[in-house]
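Subject: Handover of a two-chain model

Dear colleague,

Please find below the structure that I am handing over to you, followed by an account of what was found in it.

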Amino acid sequence: MSRTEASRRRFLGGCLAGLTGNACGQGRAPAGQAKQDPAAGRSRVVIARDPALRAGGGPDSARLGKLLDRLMQAFYGVDNALEAWRRLVRPGEVIGLKVNCLAGKGASTHPELVEAIMERLQQAGVRSRDILVWDRLSEDLESAGYRIATGRDRARVMGNDLLGYEDELSAYGSAASLLAKALTQICDGVINLPVLKDHGIVGVTLALKNLFGAVHNPNKYHPNTGDPYVADVYMLPPIRQKVRLAICDAVSGQYEGGPSYMPQWSWPFNGLLAARDPVALDWTGWQILEQERARRGLKPLRDAGREPKWIATAARHGLGTNDPGRIERLEA
Amino acid sequence: MRALGWTALLALAAAAGCARRAPDPLPAEAAGWSKGRTRSFAAAELWRYVNGDAERYLQAGVVRTLTAEYRSRNGSEAVADVHEMSAPEGARRLFESEPAAGSRAIQVGEAGRSYGPSLTFRRGRYFVRLVAYQDSAEIAEALIALARAVDARLRGAP
């Protein structure tokens, strides 16, 4: 068994443990609360890449961990990664990792990345049992290589189908949805872990759209290339208040044919992106995808009839900035 | 009266014909591949499988989607999706809507394309996609072999 495989098995095997439900830290003041006020300054987006990140078909776990450390240090401007994580989370908090597993293996948040984040959260003082890896459906998680874990003594890996939704609708603008209890009741803070990829209807799916996995009716929000739905869903208060950071899994990027996995339209980006500002991250990710489309001779998304106008709408909502002059793009 | 009786009989036969389906177009074993988990999604539930991507299948008239995970003897993994449409035109529309750039034509179904680690083909009112998680010439050929096994089951299906 390779080191990577052994390590992953340890992680997945350790994903047991108990949902303590509503008692898990509701009302505590979270650390690292994302500031959604673009007027306060420029929004930092860090891109870290490693050309040798891959080992065989997937990422090398050791290299991915180092890349993650480099990303976090650059994002927080600190000398060591642990200090960065301590700025993001506090001991005693319940931290959710919102992965994106719709596409199964190939175009989902890599378990190796989640494993690396979990290790660092624990080093920063978060208990294993206070970590929840979640997405819309448990079967999506399984398809992406995660093992469902619902026990009460270690980290949990579960879908909203097991965790449940609120009974009352939350609404903003065009959005009216039941929110996932993972977000509203269980987690004090959420780290958003989208994937860098194209979307056949709404153009791209990155940080903002990944929170479609926190509502019961995402299928209702795709008309008009997702505008203003993607922005409106993110305006729902628990999402705005609890998502602290987005770390985009860009080990591979997919520039066409998403959100399903299409290997023929994927390429090795070998990187990670981080931002507190989801609008800045989405705008940056969109430009990366457009560059790759241009390199491959594909039409820009605007000409393909699926420009992600909801990014501008999200900026108008005050969720962040899509003004390149106000995005501080750092290559780590 | 007799005409009415025949009409009713023909209507029943047509309804029964519409309900007929290929029993399971995804073989348990084929060309070195073994089938794992299989799922079925009716049109109204397809979004649970592909979320926003469901829209283009719905517009093309999807009736249901079958999907199965496959593992080869050497450990390679793949997913096979069989989209059953209401009419052959829907399968044709889906097939032709996807860029052919970087593909090569393959002799599977009524039209087929291999992109290397994935392929698509159509047969009657079925649109089929096979996707592997590894990329090599051997995988591409193994996918084509699996596709031929699926196609054989679809041949003659209603």
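In chain B, 8 strands form an open sheet in the order E1-E2-E3-E4-E8-E7-E6-E5, with antiparallel pairing. Strand E1 (29-30) and strand E5 (104-105) of chain B stand at the edges with a single partner strand each, so one side of each has no neighbour in the sheet. Two strands count as paired if DSSP finds at least two bridges between them. Helices (H or I, at least four residues) and strands (E, at least two) are DSSP runs, numbered from the N terminus.

Two notes on the source apply throughout. This is a predicted model, in which local features need pLDDT of at least 70 and side-chain atom pairs count only at pLDDT 80 or more, while totals for chains, interfaces and linings use all residues. Residues are numbered from 1 along each chain as its sequence is written, and chains are lettered from A and ligands numbered from 1 in the order in which they are written.

Within the sheet, strand E2 (residues 33-42) of chain B pairs with strand E3 (residues 62-72) of chain B in the antiparallel sense over 8 bridges, and Ser34(B) stands opposite Arg71(B) in E3(B). E3(B) and E4(B) are also antiparallel, over 9 bridges; here Glu69(B) stands opposite Val79(B) in E4(B). The hairpin of E3(B) and E4(B) has 4 residues between the strands, and Gly75(B) in this hairpin takes a positive phi near 95°. Further along, 6 bridges join strand E7 (residues 118-123) of chain B to strand E8 (residues 126-132) of chain B, again antiparallel, and Arg123(B) has Tyr126(B) as its bridge partner in E8(B).

Helix H5 (residues 137-154) of chain B lies across E1, E2, E3, E4, strand E6 (111-114), E7 and E8 of chain B, and runs at about 155° to E8(B). Angles run from 0 to 180 degrees between N-to-C directions, and axes are lines fitted to C-alpha atoms, for helices over the stretch in contact. Two residues are in contact if their C-beta atoms, placed from the backbone, lie within 7 Å.

Ala132(B) lies in strand E8 of chain B. With 24 other C-beta atoms within 10 Å, Ala132(B) is buried (20 or more such atoms make a residue buried, 12 or fewer exposed, and a number in between partly exposed, with C-beta atoms placed from the backbone). Beyond residues up to four places away in sequence, Ala132(B) touches Ser76(B), Glu77(B), Ala78(B), Pro117(B), Ser118(B), Ile139(B) and Leu143(B). Of these, Ser76(B) is 56 residues from Ala132(B) in sequence and 7.5 Å from it in space, C-alpha to C-alpha.

As a whole, chain B has 5 helices and 8 strands, and buried residues make up 40% of its 158 residues. Chain A has 12 helices and 14 strands, and 58% of its 332 residues are buried.

In chain A, the axes of helix H3 (residues 81-88) and helix H4 (residues 111-123) come within 9 Å and cross at roughly 80°. H3(A) and H4(A) are therefore roughly perpendicular to each other (65 to 115 degrees; under 35 counts as roughly parallel, over 145 as roughly antiparallel and the rest as oblique). Ala81(A), Leu82(A) and Trp85(A) of H3(A) make the contact with Arg120(A), Leu121(A) and Gln123(A) of H4(A).

The largest nonpolar core has 143 residues, and Cys248(A) and Ala274(A) have the most contacts inside it. Such a core is a set of buried Ala, Val, Leu, Ile, Met, Phe, Trp, Tyr and Cys residues joined through C-beta atoms within 7 Å. Leaving aside neighbours within four places in sequence, the contacts of Cys248(A) include Pro194(A), Leu206(A), Leu272(A) and Gly285(A).

Lastly, the two chains meet in a contact that takes 21 residues from chain B and 20 residues from chain A. Helix H2 (47-50), helix H3 (54-59) and strand E4 (77-85) of chain B are the elements that give two or more residues to the chain B side.

With kind regards
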